[in-house]
Amino acid sequence: MCDYKLSKYDRPLKKTEKILLVSREIFNKIFDEKYFRVLISQDRDGLSKSYYYYILDFYKNVGLIEDNALISATIIPFVIENDKIVLDKALLSVTKNGLVLIDLNSNKYKCDSCPLKAECKYGLKNVASQLKIKPKGRSLNEIWDNLISQLTKKVINKVVMLPIP
């Protein structure tokens, strides 16, 4: 079971490839409708100027927006369990074809009755090709899970240090 979202964006795209680890709370904010609208569009669309720039600053601090352009990035959320950092089974990926958000911990959709199967396959192919990962599995859920697992292994193997602010 998962939650899935595929969206086009009208912001320019900066070709800086990044993989970002963020807390689950920050990741969940991205799912919020107002935050998501600011991420994909430069139009304030009914938001006050101060609230729009507040959200824009949030994305700049996270590292998703730079010089008013989206960064070609993949975000993986983490949670802290028993004083350990655990990478969660979710990701947000900014690709040249759109923004893909998947959360395998959600109960919103079930693969066998999902109305977004075609979109999900399309998003999976885009993310896998951008990250240069060949995921395996029988169902879409298993394939996404495998892709996220391979990506987290890739990320963990490259971590040398985590800067403390």
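This is a predicted model: local features need pLDDT of at least 70, side-chain atom pairs count only at pLDDT 80 or more; totals for chains, interfaces and linings use all residues.
Local features need pLDDT of at least 70, side-chain atom pairs count only at pLDDT 80 or more, and totals for chains, interfaces and linings use all residues. Residues are numbered from 1 along each chain as its sequence is written, and side-chain values use heavy atoms, with hydrogens and water left out.

Start inside. A cavity is a set of points, on a 1 Å grid over the protein atoms alone, where a 1.4 Å probe fits but cannot get out. Points are joined across faces, edges and corners, and the volume is the space filled by probe spheres set on them. The count comes to 1 cavity of 30 Å³ or more. The largest cavity has a volume of about 30 Å³. Its lining, residues with an atom within 4 Å of a point, consists of C2, C111, C114, L116, K117, C120 and L140. By class, that is 6 nonpolar, no polar and 1 charged residues. Here Cys and Leu count as nonpolar and Lys as charged.

Now the backbone. D45 is not a glycine, yet has a positive phi of about 45 degrees. D45 sits in the loop between α2 (33–40) and α3 (49–62). Helices (H or I, at least four residues) and strands (E, at least two) are DSSP runs, numbered from the N terminus. D45 counts as partly exposed because its relative accessibility is 45%; that class lies between buried (under 20%) and exposed (over 50%), with a 1.4 Å probe and protein chains only.

N68 is another residue other than glycine with a positive phi, near 65 degrees. The loop between β3 (65–66) and β4 (69–81) holds N68. At 30% relative accessibility, N68 also counts as partly exposed.

Conventions: On a 1 Å grid over the protein atoms alone, a cavity is a set of points where a 1.4 Å probe fits but cannot get out, and a pocket is an open set with protein on both sides within 12 Å along at least five of seven lines; lining residues have an atom within 4 Å of a point.
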